[in-house]
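Let's take a walk through this model together. Have the sequence and the 3D view side by side as you read.

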Amino acid sequence: MSIKLINKNISDIDSEILIEFLKKDELVGCEHSDILQKAGFKAEQDTTCFLYEKGILFCGVDSKKSDDLRSAASCMIKMLKSSNYKSAKISVISKSTLSALVEGIVLGGYEFNEYKSEPKKAALEEISLAVNDFDFSELETIFNETLIVANATCFTRDIVNRAPQEINPQTLAHVAQTLAYDNSLLCNILQEDDLAKENMNAMLAVGRASVHGSALIHLAYKPANPKKVITLVGKGLTYDSGGLSLKAPTSMVTMKMDKAGACAVLGIIKAVSELKLDIEIHAFIGAVENMVGGNAYKPDDVLVSRSKTTIEVRNTDAEGRLVLADVLDYAQDKVKADYIFDFATLTGACMIALGQYTTGLMGHSHKLKHDISRAGNDSGEMISSLPFNKHLKKLLKSEIADISNTASKPYGGAITAGMFLDKFIRDENKNKWMHFDIAGTAYTETPWDCNVYGATGAGVRLMCEFLRDIK
Ligand code: BES
Ligand code: ZN
Ligand code: ZN
């Protein structure tokens, strides 16, 4: 299915179906109000009413603001894809709603059919967005940029959705290499012997029981005169069984998504390079599989991390922070960045704290939190700050090592995990670093907003919005 921006009056576009977004208060005065009323259509948000004979698909919205239009466009595209119509048209009502419509159509219409032997083929071939009375070239730029970010979000979703027998640390490294080749990025992969030379013992311990070697992936996008240098770090647990602190069977299902931080980082660098932003980006990914076996790392082990901080392992299921500890330390040595952002499906506690629809944001800089929150609002991704404090920090104390990998109390588990990472952020970088816990937002088994079953691509739209506005 293609989506086109056309500089014409909507009535001059030849399509089978006209899409109309309708608020409750517009229902009464509308041309088809009688028939809509008879059909029981109340213009509730995310409901649709198909007037087949008229060739109109009505979509209810609470408002014509971006968040509501994005969600309604997602419902609309699902409805259209289940019909046998080939073409549809929408009139773009304002500049600011163009992005929301494109995101709703691309992200809401996304399907992952890789493993279906007979995927349904939608008849829908083309959606035309009619823009008239606006500056067309300005809209064309918005349209193209939105498509780049939405497609990068789908790229992230595709990798997360792949099964764990297909995506392991080594094949994830190949995915990164292919992306580097396609988008002219620099790429360096550290294999286990390289990681050993780097003393990345915390990361290596987590992957030890896996038959797939762990890998550290470093991609870089380097434009000629960058305004800023950004380091992105992604948790790439291609599978998290919990290790010897084995997860319960029902909690283990969906743990292929523990690589979502890594995949978000790949999607972000893909989008930034295609948008040709004047920002240097370094993506560092810790690609590891957390398994069980005779050589598995154990609760009670003490690991000497790359930064020399010793870590008492009390739970092998708190493995993401161990991987990130070493990758963050490595990244800080390799790149002097203006900002360091890590993305990780780090804690179930983040979901308990914020629900499944909101990413947890942690760090020290209030200004940076504020700027990122604004990008959250503008991008349609919800984020909320979880505050560090000295009392929670004490819970990470270990009797025998410098720090424990789990807190002594479960409350505030997302924050204690963030504070564990903070231990590996150097003083000069404290105000440059933010941690994004995407455990709740990266994956869904029930559709919401423009997210369909499976990976959501959380972090991609948000970071692209932030990076586009960077001064
Ligand atoms: N990958 C999980 C976190 C997670 C849970 C992500 C659910 C998405 C959905 C992480 O490695 C983990 O297992 N964390 C533990 C930490 C605990 C042992 C301190 C958790 O959240 O239970
Ligand atoms: Zn875990
Ligand atoms: Zn994990």
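What follows goes through the metal sites and then the aromatic rings.

A word on ground rules: this is a predicted model, where local features need pLDDT of at least 70, side-chain atom pairs count only at pLDDT 80 or more, and totals for chains, interfaces and linings use all residues. Residues are numbered from 1 along each chain as its sequence is written, chains are lettered from A and ligands numbered from 1 in the order in which they are written, and side-chain values use heavy atoms, with hydrogens and water left out.

Start at the zinc ion (ligand 2), which is held by D240 (OD), D317 (O), D317 (OD) and E319 (OE) at 2.0 to 2.2 Å. Donors here are N, O and S atoms within 2.8 Å of the metal (3.2 Å for Na, K and Ca), and as water is not among the atoms, sites may look incomplete. The 6 donor atoms of the zinc ion (ligand 2) make angles of 70 to 167°, and the site is irregular. D240 sits in strand β9 (residues 228–240) and D317 in the loop between β12 (310–312) and α11 (320–334), so this pair ties together parts that are 77 residues apart in sequence. Strands (E, at least two residues) and helices (H or I, at least four) are DSSP runs, numbered from the N terminus.

The protein donors of the zinc ion (ligand 3) are K235 (NZ), D240 (OD), D258 (OD) and E319 (OE), 1.9 to 2.4 Å away. With 6 donor atoms and angles of 77 to 173°, the site of the zinc ion (ligand 3) is octahedral.

Buried means under 20%, exposed over 50%, and partly exposed in between (1.4 Å probe, protein chains only). D258 and E319 are buried too.

Finally, the rings: the structure holds 13 aromatic pairs. Rings of Phe, Tyr and Trp (its six-membered ring) pair if their centres lie within 6.5 Å; planes under 30 degrees apart are stacked, over 60 edge-to-face, and the rest tilted. One of the pairs is F341 and F436, edge-to-face at 5.9 Å centre to centre with 80° between the planes.

Terms used. Tetrahedral: all angles 85-135°; square planar, octahedral: opposite > 155°, others 65-115°.
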